[in-house]
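Morning, everyone. Please look at the screen, and we'll start with the rings and then move to the ligand.

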Amino acid sequence: MLYLLDTANVEEIKRAFDLYPMSGVTTNPTIISKEKRSFLEILKEIRAAIGEDKMLHVQSISTKVEEIVKEAEYLKETIGGNFYIKIPVIPEGIKAMKILKAKGMNITATAIFTADQALMAARAGADFVAPYVNRIDNISGNGVGVVEEIVHLFDIYAIDSKVLAASFKNVQQVHDVSLAGAQSITVGSEIMDGLLSHPLTEWSVDQFTKDWSGVYGEGKVAYNSK
Ligand code: G3P
């Protein structure tokens, strides 16, 4: 499982990359707009915070082939490092994926709601496909079911593209797509924290600390205790 952070908030990114085994960051126009400042400045700060090797997935704004291609090349050039252009699975987007793949660009197909969209995007050259799990659930669909179908289809057709499951509202959805075989997820920092959090873990750690300091003293640890 690869963990990516779905945010453009640089402080959240720094914290998560410091604590957790993160593989990259994903953004989209909505996420970037929330920061209300120069988007290029934000993206450059994200790149500086995560380093050149971690993945940075940035979405094209345009819905026209030529413009998507131009945006992708501009963003890759300007932001640098391990860069992925995110392109929605509209017809013009699929054509742009074919063109950009031929030019050697890393591609993430996004705004995916069905397995057929994912299959076509993969055939057009997408390295990752991003099904929106919670948005599917919100329209009485089965987000995890769609992920399962994509994993199954990629298996049947021996397709190398990876599932980058996106749009989560809770930890259970993440757990379910992991079991369905999604190779990667992109989540907010609260879900990242939630994946680790358990009241009994916290209780156990508190108990260990209490028992230890009762005998060896407050603030004592392995290297300064006898
Ligand atoms: O990466 C796609 C994702 O940002 C959509 O998530 O929570 O807006 O449905 P959400």
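How many aromatic pairs does a search of the whole structure find? The search finds 3. Rings of Phe, Tyr and Trp (its six-membered ring) pair if their centres lie within 6.5 Å; planes under 30 degrees apart are stacked, over 60 edge-to-face, and the rest tilted. One of the pairs is F113 with Y132, and this pair is edge-to-face. The centres are 5.6 Å apart, with 65 degrees between the planes. F113 sits in the loop between β5 (106-112) and α6 (115-123). Y132 sits in the loop between β6 (128-131) and α7 (133-138). Helices (H or I, at least four residues) and strands (E, at least two) are DSSP runs, numbered from the N terminus.

A word on the source: this is a predicted model, where local features need pLDDT of at least 70 and side-chain atom pairs need 80 or more, while totals for chains, interfaces and linings use all residues. Residues are numbered from 1 along each chain as its sequence is written, and side-chain values use heavy atoms, without hydrogens or water.

Now the ligand. Y132 is also among the residues around it, including D6, N28 and R135; a residue counts as near if one of its heavy atoms lies within 4 Å. Which side chains have a polar atom by a ligand oxygen? D6 has an N or O atom at 2.6 Å, R135 a polar atom at 2.7 Å, and N28 an N or O atom at 3.0 Å.

Conventions: Polar contact = N/O pair within 3.5 Å; in protein donor to acceptor, adjacent residues only side chain to side chain.
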